[in-house]
2 protein chains.
Amino acid sequence: MNNKYPDALENLIESFEHLPSVGRKTAERYALYVFMHMKEEDIIDFSNALNSLHTDIHICESCGNISEGKICKICSDNERNHRQILVVESVKDLFTMEKVNEYKGIYHVLNGAISFSKGIGIDDLNISSLLDKVKNGDVDEIILATNATLEGETTAKYLKELLKSYDVKVTRIAHGLPVGGDISYIDELTLLKAFEGRRDY
Amino acid sequence: MNNKYPDALENLIESFEHLPSVGRKTAERYALYVFMHMKEEDIIDFSNALNSLHTDIHICESCGNISEGKICKICSDNERNHRQILVVESVKDLFTMEKVNEYKGIYHVLNGAISFSKGIGIDDLNISSLLDKVKNGDVDEIILATNATLEGETTAKYLKELLKSYDVKVTRIAHGLPVGGDISYIDELTLLKAFEGRRDY
């Protein structure tokens with residue numbers, strides 16, 4: 001016997017290996033689990049969900065969010081402030097922010113961040129439609145909510161530079177101690193940011 | 001906006017949540033990754049791999065291994081010793097053992113282990129075809145290679161009891177220090193097993 005799984009299983013393992021942080025061993029575990037333990041109807045649902053993904057969901061032409069129509073629900077919502085745009089790296093970040101249920105402006109999803117190590121540059125990010133809105137004078141405030149990582153900070157700095165020549169207020173979300181955070185356990189960079197960002201009390 | 005993803009994405013998230021140790025957050029990450037970053041042809045391959053799983057792969061009627069035919073490659077191999085059966089909990093364990101490329105007998109896959117906490121009993125395990133072989137006098141040695149966990153040990157003990165009345169040698173794989181293992185880092189139970197299993201040197 002060779003040590004390979006049957007082709008049909010091998011194909012599924014390779015598909016699972018595409019997922020982020022899924023290596024060969026995890027992919028094997030997933031594929032075997034699907035075959036041995038998942039109900040046949042659930043496997044069919046799984047297969048159909050993958051199949052209908054790109055027919056049923058699109059990228060919002062205005063902001064880069066995922067959407068059932070050409071323009072997403074947030075961009076179509078006239079109750080929201082379209083002159084305030086919160087810029088995030090990913091759709092996941094957008095949904096996280098929406099869960100807070102506090103922000104009433106609209107979003108812009110970059111779909112990534114500048115990363116020299118991963119070879120992701122400006123041209124790989126979704127920036128042009130944001131810039132168009134700024135150029136048209138449609139925006140009062142751009143809130144940069146990229147991650148507090150090297151990539152996120154680089155991207156925020158780049159966008160700040162890019163937007164400098166336009167009449168738009170550019171802000172950055174605050175960095176600091178997480179709520180419930182213990183100073184003795186926090187990393188030094190966060191502590192520094194928390195110190196720098198101190199406010200009258 | 002409600003905080004739910006579009007239906008098509010929600011369906012995919014729920015499918016990913018079926019996988020072992022995949023919670024809501026990981027499932028969201030997987031589904032969004034598939035939508036945002038996976039090539040359309042890879043998604044179709046993924047969907048097809050799921051679809052063809054149960055048409056192309058079966059469970060070996062003899063040993064419980066996965067197989068392209070009714071009887072798996074190992075059970076069909078006349079070069080192997082069919083009178084020596086190594087009993088494992090899962091197909092994954094079988095493949096791990098095959099990678100060692102040392103064992104020349106055949107296997108029996110229980111597809112689980114007795115677990116009181118998970119409500120898995122004897123009747124949920126694939127035991128009958130193993131017992132039939134023993135009853136027919138087709139087996140010289142049964143090697144119990146269930147895991148060194150509570151469930152695996154319980155299952156091994158149960159099988160030992162079950163096979164006691166038949167003329168078959170029953171052995172258990174050795175427990176002890178992993179190769180390269182440092183005694184000071186090993187858990188006490190393993191150390192105890194290693195001590196108990198000491199051999200002349």
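Tutor: A salt bridge is taken here as a side-chain nitrogen of Lys or Arg within 4 Å of a carboxyl oxygen of Asp or Glu. The model is a predicted one. By that rule, E28(A) and K99(B) form a salt bridge through their side chains, with N to O at 3.9 Å. E28(A) belongs to helix α2 (residues 24–37) of chain A and K99(B) to helix α4 of chain B, so this pair joins two chains. The two partners have their own accessibilities: E28(A) counts as buried because its relative accessibility is 3%, while K99(B), at 46%, counts as partly exposed.

The pair is part of a wider arrangement. Salt bridges with shared partners connect E10(A), R24(A), E28(A), K92(B) and K99(B) in one network.

In contact across it are 58 residues of chain B and 56 residues of chain A. About 5900 Å² is buried between the two chains, and carbon and sulfur atoms give 70% of that area. The rule for polar contacts finds 14 residue pairs across the interface, both residues being at pLDDT 80 or more. On the side of chain B that touches chain A, at least two residues come from each of α1 (7–17), α2 (24–37), α3 (40–56), β1 (58–59) and α4 (91–100). Of the elements of chain B, α3(B) gives the most to this side, with 13 residues. By class, the residues of this side comprise 28 nonpolar, 14 polar and 16 charged.

Helix α1(B) shows how the two chains cover one element. Its buried residues are A8(B), L9(B), E10(B), L12(B), I13(B), S15(B) and F16(B). The cover over them includes α1 (7–17), α3 (40–56) and β2 (66–67) of chain A, along with α2 and α3 of chain B.

In chain B, R24(B) and E28(B) form one, their closest N and O atoms being 2.9 Å apart. The two are four residues apart in helix α2 of chain B, so about one helical turn separates them. R24(B) is partly exposed, at a relative accessible area of 30%, whereas E28(B) counts as buried at 3% relative accessibility.

In chain A, the side chains of D140(A) and R83(A) meet in a salt bridge with N to O at 3.0 Å. This pair links distant parts of the chain, 57 residues apart: D140(A) is in the loop between α5 (128–135) and β5 (141–144), and R83(A) is in strand β3. D140(A) counts as partly exposed at 42% relative accessibility, and R83(A) likewise counts as partly exposed at 33%.

E89(A) is found in the loop between β3 (81–88) and α4 (91–100) of chain A. E89(A) is buried yet without a salt bridge, the nearest side chain of opposite charge being that of R172(A), 6.6 Å away. Leaving aside residues up to four places away in sequence, E89(A) touches V109(A), L110(A), N111(A), G112(A), A113(A), T146(A), N147(A) and G152(A).

Conventions
Residues numbered from 1 in each chain as written. Chains lettered and ligands numbered in written order. Heavy atoms only, no water. Contact = heavy atoms within 4.5 Å. Buried area = accessible area lost by both parts, 1.4 Å probe. Polar contact = N/O pair within 3.5 Å; in protein donor to acceptor, adjacent residues only side chain to side chain. Nonpolar A, V, L, I, M, F, W, Y, C, P; charged D, E, K, R; others polar. Buried < 20%, exposed > 50% of the residue type's maximum accessible area, 1.4 Å probe, protein only. Lys, Arg positive; Asp, Glu negative; His and termini not counted.
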